[in-house]
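The following exercises are to be worked through with the sequence and the model at hand. Each task is followed by its solution.

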Amino acid sequence: MKAGPDIAMVASLVGDPARANMLTALLSGRALTASELAQEAGITPQTASSHLSKLETGGLIEPEKQGRHRYYRLTGTDVAGVLEGLAGLAARAGHMRVRTGPKDPALRRARICYDHLAGDLGVQMLDSMKKQRLIRQSKDAMELTGEGKRFIAKALQIDADALLHPRRPVCKACLDWSERRHHLAGTLGAAIMERFTELKWAARDSTPGSRVVNFSRNGEKRFAALFGTGE
């Protein structure tokens, strides 16, 4: 037996269609009940219980009890990153679902990727930040520049020092499945998305499992002013 991480075990957990649908629903960043996840997967609650047990044992999800209800969420941003990366790989390889719903264009335009902005607007934001030299990217890393620190403090009231985290980088490139380019993750990506919500520039769709992010008219204007393409 070869030593090292057992990626086959993780792949087998993600590879089941029902479990993949459950995990994708949890990319919304919200904790969902077993019934909600069963509905997302199109299976019975009894079958969902078995799948959830396997995902929990495998370390991909964790339960949270609140009153009589039991909720589930992803165990961390690393799980979310793997799932978004797999979605990007599936899109590049042409493994797309045939049916698209009415929210598909909205999902591609702006959506939540666990706790940060993804989709066309997420990619646009990262491109703009690099163009404005707010973020510096090398082959191996991405970092917030001095100008970037001043920018987020003035424009969004985000303290750069508060972004430091022992297990998570400030800036991280996350492969966007619909754009097949990168959007901004890390503690900065999460803080910006949280600030958009606090300022009421954007709001997440309230439907359980939905990842769509809707920008208000004012939010669109403010976003364009900060991260517009300039075209």
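The model is predicted, with local features requiring pLDDT of at least 70, side-chain atom pairs pLDDT 80 or more, and totals for chains, interfaces and linings using all residues. Residues are numbered from 1 along each chain as its sequence is written, and side-chain values use heavy atoms, without hydrogens and water.

**Exercise 1.** Determine the span of helix H9 and whether its residues are mainly buried or exposed.

Solution. Step 1: helices are DSSP runs (H or I, at least four residues) and strands likewise (E, at least two), numbered from the N terminus.
Step 1: buried means under 20% relative accessible area, exposed over 50%, partly exposed in between (1.4 Å probe, protein chains only). Ten of the 13 residues of H9 are buried, so the helix is largely enclosed by the rest of the structure. Among them are Leu188, Ile192, Arg195 and Phe196.
Step 2: Lys200, which follows H9, has a positive phi near 60°.

**Exercise 2.** Identify the strands that pair with S3 (residues 69-74).

Solution. Step 1: pairing requires at least two DSSP bridges between two strands.
Step 1: S1 (residues 32-33) runs antiparallel to S3 and is joined to it by two bridges; Thr33 is partnered by Tyr71.
Step 2: S2 (residues 61-66) is also antiparallel to S3, with six bridges, and Ile61 is partnered by Leu74.
Step 3: two residues separate S2 and S3 in a hairpin, where Gly67 in the turn has a positive phi of about 65°.
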